[in-house]
Amino acid sequence: MILIDAIYINNGGGKVLLDYLICELEKTDTKIFYLLDSRVRDKHQAIKSKNQIYYLEAGISRRYSFYKNRTAEFSKVFCFGNLPPNIKLTSVVYTYFHNPMYLDVPKEFSILDRIKFQIKIMVLRHFKVNTSFWFVQSSLIKLKLQKKFNIHPDQVKVLPFYEQFGSLTEDIIREKFTYIYVSNGTPHKNHERLIDAFCQFYNRNQKGKLILTLAGDYSYLLNLISEKVREGYPIENIGYVDRDTLHEQYLKSEFLIFPSLTESFGLGLIEAIECGCKVIGADLPYTYEICKPSVTFDPISTNSIINAFEKTLNEEIRETIPEIKNNVQELINIVTSAKNI
């Protein structure tokens, strides 16, 4: 039996990928045991009755107890959530690493958050010997992971995967000068600078609409958006939406603007390109791993972001070219096969 350990995944892009992973795994005949965060109970893809699900509140001690009591049941383990098991297993272990904060904690984080991540980095460093192989989403993350944790290159395989949108039956009209940013509100996502730049751009040109997807405990950003809306700026926060609604929003938008300061993958980039948006991307390596963007900017410069907005007023903006493919089938084959890498 294969164990899928996703105990640390409950929201954001990781949850989107987890749902897709479950959907693809459930198409196989492999017997699977899912260890899931208790916060996703009844909030994930359907799982066949022959497979097992165990919900657990995320935590090192509870995860340790689970592995100590049940390790003999599993022929392979796939940890989807950065951290290998708490103990050394006799079975083959694959760990999918997709959090760049373990590699370089953004300076935009508060002192408390920086301390928390430094502790997490120490934990990962301690447990790294408990995985046989690592999967990552890009060559950039592979190099950084190897260097940060002194991991042999043969132990790290680049296997990006993402859910592709299905087709919509109704025709949707793309709105000119509409800019969407699909992201949560953690500091490295750079919302405050983006909002400031958009408002200055709008003051100069009286064109444009900014669409955001903020929900949850980001009161400062939510209050900032409300304040800007009251002042007359065309900013719409649609909050967290389902996949069909998100698909429709991408199709309505002419541009994706992506000012994040660090990413392991940048799922929003792929989704937007699939839906025909032109990408206005941060001039950072993660952007170029995904695509050749239509416009780039320095994400720590408000003026650079304003200039990027203004370039989109030019009708000659080039199309965005994708540079990545979906490797979900190769990932599924490795995890479910009797053979190893």
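Helix α5 passes helix α10 in a right-handed crossing; a crossing is right-handed if the near helix is turned clockwise from the far one by less than a right angle, and left-handed if anticlockwise. Helices here are DSSP runs (H or I, at least four residues) and strands are runs of E (at least two), numbered from the N terminus. The model is predicted: local features need pLDDT of at least 70, side-chain atom pairs count only at pLDDT 80 or more, and totals for chains, interfaces and linings use all residues. Residues are numbered from 1 along each chain as its sequence is written, and side-chain values use heavy atoms, with hydrogens and water left out.

Two packed helices are described by the angle between their axes and the distance between the axes. For α5 and α10 the angle is about 50° and the axes are 9 Å apart. Axes are lines fitted to C-alpha atoms, for helices over the stretch in contact, with angles from 0 to 180 degrees between N-to-C directions. That makes α5 oblique to α10 (under 35 degrees is roughly parallel, over 145 roughly antiparallel, 65 to 115 roughly perpendicular, the rest oblique).

On the α5 side, the contact (heavy atoms within 4.5 Å) includes Leu-194, Ala-197, Phe-198 and Phe-201. On the α10 side, Ile-305, Ile-306 and Phe-309 are among the residues in contact.

Phe-198 is buried, at 0% relative accessible area, and Phe-309 is buried at 0% as well. Buried means under 20% relative accessible area, exposed over 50%, and partly exposed in between (1.4 Å probe, protein chains only). The ring centres of Phe-198 and Phe-309 are 5.7 Å apart and their planes lie at 65°, so the pair is edge-to-face. Rings of Phe, Tyr and Trp (its six-membered ring) pair if their centres lie within 6.5 Å; planes under 30 degrees apart are stacked, over 60 edge-to-face and the rest tilted. Phe-198 belongs to α5 (residues 191–205) and Phe-309 to α10 (residues 302–311), so the pair ties together parts 111 residues apart in sequence.

The whole structure has 31 aromatic pairs. One of them, Tyr-179 with Phe-255, is stacked, with 5.4 Å centre to centre and 15° between the planes. This pair links strand β8 (residues 175–181), which holds Tyr-179, to strand β11 (residues 253–258), which holds Phe-255, across 76 residues. Tyr-179 is buried at 0% relative accessibility, and Phe-255 is buried at 0%.
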